[in-house]
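This report goes through one protein model, topic by topic. Keep the sequence and the 3D view open while reading.

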Amino acid sequence: MGLVVQKYGGSSVADAEGIKRVAKRVVDAKKNGNQVVVVVSAMGDTTDELIDLAEQVSPMPAGREFDMLLTAGERISMALLAMAIKNLGHEAQSFTGSQAGVITDSVHNKARIIDVTPGRIRTSIDEGNIAIVAGFQGVSQEGKNITTLGRGGSDTTAVALAAALDAEVCEIYTDVDGVFTADPRVVKKARKIDWISFEDMLELAASGSKVLLHRCVEYARRYNIPIHVRSSFSGLRGTWVSNEPQGDQQVEHAIISGVAHDVSEAKITVVGVPDKPGEAAAIFRTIANAEINIDMVVQNVSAASTGLTDISFTLPKAEGRKAIDALERNRGTIGFESLRYDDQIAKISLVGAGMKTNPGVTAGFFEALSDAGVNIELISTSEIRISVVTRADDVVEAVRAVHTAFGLDSDSDEAVVYGGTGR
């Protein structure tokens, strides 16, 4: 008997019919001889609606109470799914993140998992039950407060439980049929990938691909947990994410794995920074102390006449105000002249392990953008990724142009998005 962890996103459990459809799929996995642990997200846009409600009540809700509010969505989903499974003649028990043993640090709204102690889950499945766990949440090691894991937290919960329970696979069910060479909402001819390595998936996730979040993939790679990305709306095989192809998969080692884009970032330019040792360190220490992650960084050549330079970096748009405030508070210490903020940007990334041994990939990427009339503002590269920042208005045309230029368009039916608002 194998152990399978299944995770269902908000679009899969968006309404009563969706929950009943998920219940049948879960029961089928149990009938196939598996022990089954299910992780669920909140129904549909429930989390976003709770966030909106909190902001109407308080413009800056306290982190502890905000987390207590947001975890309500997953608790609703888990209880309803347990009821639906019992109606199909199988026993199910639901557990909150804290009951499931998901132990986190004390950072509210974006906590990180420290440990998973799934004793109650193991006991439940050993007794023949289907265990259902509320994703996206845990309990802090110090203080025992309820915490949430941030965007994509349910995926991370599922992989962490799979690792702790030594599961054979972690199945991530979503509203598309797998991982595609581009977002099928933007590129209708995007091609489904049958297998992709952890490394390529990490780069796609870090570059804006929303089907899997970066933390989830990193956790799976660390503990070597194969991920199977599938749609809960169809019976197609989906995409395997692992170190090596699974089973009888025949995989072409393509030069390019896919094109990702991200419109959730903003750019800050620190103008008039003295070009001397320690200035960049002071800027980024200020950002780090504000607990803000940055992505791309570019420093201009200093002007000979003034000895001053400009430093630009990108960061999550939601953290823009906090970053500006932190830098302004330290303006006298750092010594810059002014700040510029721009949230009308987009990042476009080309990802593929084969590009490091294939000359011409970089040239082809920039030629495709040039032919589409897209201007480039920032450039960042790694061994298997090239990323650029452009205007947000150009992102759709840019992604489609690059996708076509590298022969990623599918000749078959258009990619299907079964549900979800993309909110």
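## Aromatic pairs

Searching the whole structure, which is a predicted model, turns up four aromatic pairs. One of them joins Phe284 and Phe313 in an edge-to-face arrangement, with 5.5 Å from centre to centre and 70 degrees between the planes. Phe284 belongs to helix α8 (residues 279–289) and Phe313 to strand β16 (residues 308–316), so this pair ties together parts that are 29 residues apart in sequence. Phe284 is partly exposed, at 21% relative accessibility. Buried means under 20% relative accessible area, and Phe313, with 0%, is buried.

Another pair is formed by Phe365 and Phe366. Their rings are tilted, at 45 degrees between the planes, and the centres lie 5.6 Å apart. Here Phe365 is buried, with a relative accessible area of 0%, while Phe366 is partly exposed at 26%.

## A charge over a ring

Aromatic rings can also be found beside charged groups in this model: the charged end of Arg222 sits over the ring of Tyr219. The distance from that charged end to the ring centre is 5.3 Å.

## Nonpolar cores

How many residues does the largest nonpolar core have? The count is 69, and the residues with the most contacts inside this core are Val5, Val37, Met201, Leu212 and Ile227. Helix α5 (residues 153–164) provides the largest share of the core, five residues.

Val37 can be looked at in detail. Leaving aside residues up to four places away in sequence, Val37 touches Leu3, Val4, Val5, Gln6, Ile121, Ile125, Ala131, Val133, Leu161 and Leu165.

## The chain as a whole

The protein chain contains twelve helices and 20 strands. Its radius of gyration is 23 Å, close to the 22 Å given by the globule rule for 423 residues, so the chain is as compact as a globular protein of that length. Taken along the principal axes, the C-alpha atoms fill a box of roughly 80 × 55 × 35 Å.

Of the 423 residues in the chain, 52% are buried. Among contacts with a separation of 6 or more, 75% are between residues 24 or more positions apart. The chain exposes about 19000 Å², and carbon and sulfur atoms supply 48% of that area.

## Positive phi angles

Most residues other than glycine have a negative phi. Which value does the phi of Asn109 take? The angle is near 80 degrees, a positive value in a residue that is not glycine. Asn109 is placed in the loop between β4 (102–104) and β5 (113–116). With a relative accessible area of 32%, Asn109 is partly exposed.

Asp166 also has a positive phi, near 55 degrees. Asp166 lies in the loop between α5 and β9 (169–174). Is Asp166 buried or exposed? The cut-off for exposed is over 50% relative accessible area, and Asp166 has 64%, so this residue is exposed.

How values were computed. Residues are numbered from 1 along each chain as its sequence is written. This is a predicted model: local features need pLDDT of at least 70, side-chain atom pairs count only at pLDDT 80 or more; totals for chains, interfaces and linings use all residues. Side-chain values use heavy atoms; hydrogens and water are left out. Rings of Phe, Tyr and Trp (its six-membered ring) pair if their centres lie within 6.5 Å; planes under 30 degrees apart count as stacked, over 60 as edge-to-face and the rest as tilted. Helices (H or I, at least four residues) and strands (E, at least two) are DSSP runs, numbered from the N terminus. Buried means under 20% relative accessible area, exposed over 50%, partly exposed in between (1.4 Å probe, protein chains only). A charge sits over a ring if NZ of Lys or CZ of Arg is within 6 Å of the ring centre and within 35 degrees of the ring normal. A nonpolar core is a set of buried Ala, Val, Leu, Ile, Met, Phe, Trp, Tyr and Cys residues joined through side-chain atoms within 4.5 Å. Contact means heavy atoms within 4.5 Å. The radius of gyration is taken over C-alpha atoms; the globule rule is 2.2 Å times the number of residues to the power 0.38. Accessible areas come from the Shrake-Rupley method with a 1.4 Å probe; for residues, only the protein chains shown count as cover.
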